[in-house]
Amino acid sequence: MTNTLFIVDDHSMLKNGLKNYLESNTTWLVPKTFTSGKECLAELEAISLKKAVQTLKNEVCVQTDVDFPELIIIDIQLVNDESGFTLVQQLKMKYPFIKIVMYSMYDTWGFVLQAKDLGVQGYISKVASDEELVRCLNIVRDGGTYYEKKSDSIQKELESIMTVLKKQEKTVFEMLLQGKSNKQIAEELFISLHTVENYISYLIKLAGCKKRDELLEKYK
């Protein structure tokens, strides 16, 4: 039995190498790859249209022709500074039945927390072994979740903190752990620098730290 997935990554060599590896060594087929979220969404919209036409004609959908992928692998940073997380949000709204695995060089807790917050089923670093990536894909395919192994104690502590935060506080916390400056956070969230400073002061205290650098070192 074969399984299908799409890859969205702006690094052609990695994207093509991953496609070739999966199709040569696993049951996964990769019928389409993309460099941007826009391209991926356009293909999914085309599939939707084809399936609608076939339904009207009472035709049977051919899997290799018009079926949606079971899973999409998405890099965090796409072409033209496009965020993979923006694509995730769009997929969750339009195609919630498609499973998602984030595959990136960024493996800090801030990105992992953001992926979890958006409902991503898997998150794995590009430096992980081929075997671990395949294990991740198979677990997600079968209905599970897979996040590359990190410190269990830190993960539990972070999840405990996240449960008491409001939506915008969570977002600021994730961006802080991604290494963004107060100014960057303020500009991206369209809030004042003073508001960001207040949020971060609260987060530092909540984490049991005395200053920003201490918090970042604790959860790096």
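The largest pocket holds about 540 Å³ of space, in what is a predicted model. Its lining is made up of 22 residues, and those lying nearest the centre are Phe85, Gln89, Gln114, Thr171 and Glu174.

**Lining of the largest pocket**
- Two or more lining residues of the largest pocket are given by each of the elements α4 (84–94), α5 (109–117), α8 (167–177) and α9 (182–189).
- Helix α8 supplies the largest share of this lining, with 5 residues.
- By residue class, the lining of the largest pocket comprises 7 nonpolar, 7 polar and 8 charged residues.

**Leu215 and its surroundings**
- Leu215 belongs to helix α11, which covers residues 212–218, and it counts as buried because its relative accessibility is 0%.
- Leaving aside residues up to four places away in sequence, Leu215 touches Phe173, Leu176, Leu177, Leu203, Ile204, Ala207 and Cys209.
- Tyr146, by contrast, stands 69 residues from Leu215 in sequence and 26 Å from it in space, taken from C-alpha to C-alpha.

**Cysteines**
- The structure contains 0 disulfides.
- For Cys40, the closest cysteine sulfur is that of Cys136, and because the two sulfurs are 17 Å apart, they are too far from each other for a bond.
- Cys136 is likewise in no disulfide, the nearest cysteine sulfur being that of Cys40 at 17 Å.
- Cys40 counts as buried, at 0% relative accessibility, and Cys136 is buried too, with a relative accessible area of 0%.

Note on methods. Residues are numbered from 1 along each chain as its sequence is written. This is a predicted model: local features need pLDDT of at least 70, side-chain atom pairs count only at pLDDT 80 or more; totals for chains, interfaces and linings use all residues. Side-chain values use heavy atoms; hydrogens and water are left out. On a 1 Å grid over the protein atoms alone, a cavity is a set of points where a 1.4 Å probe fits but cannot get out, and a pocket is an open set with protein on both sides within 12 Å along at least five of seven lines; lining residues have an atom within 4 Å of a point. Grid points are joined across faces, edges and corners, and a volume is the space filled by probe spheres set on the points. Helices (H or I, at least four residues) and strands (E, at least two) are DSSP runs, numbered from the N terminus. Ala, Val, Leu, Ile, Met, Phe, Trp, Tyr, Cys and Pro count as nonpolar, Asp, Glu, Lys and Arg as charged, and the others, Gly among them, as polar. Buried means under 20% relative accessible area, exposed over 50%, partly exposed in between (1.4 Å probe, protein chains only). Contact means heavy atoms within 4.5 Å. A disulfide is a pair of cysteine sulfur atoms within 2.5 Å.
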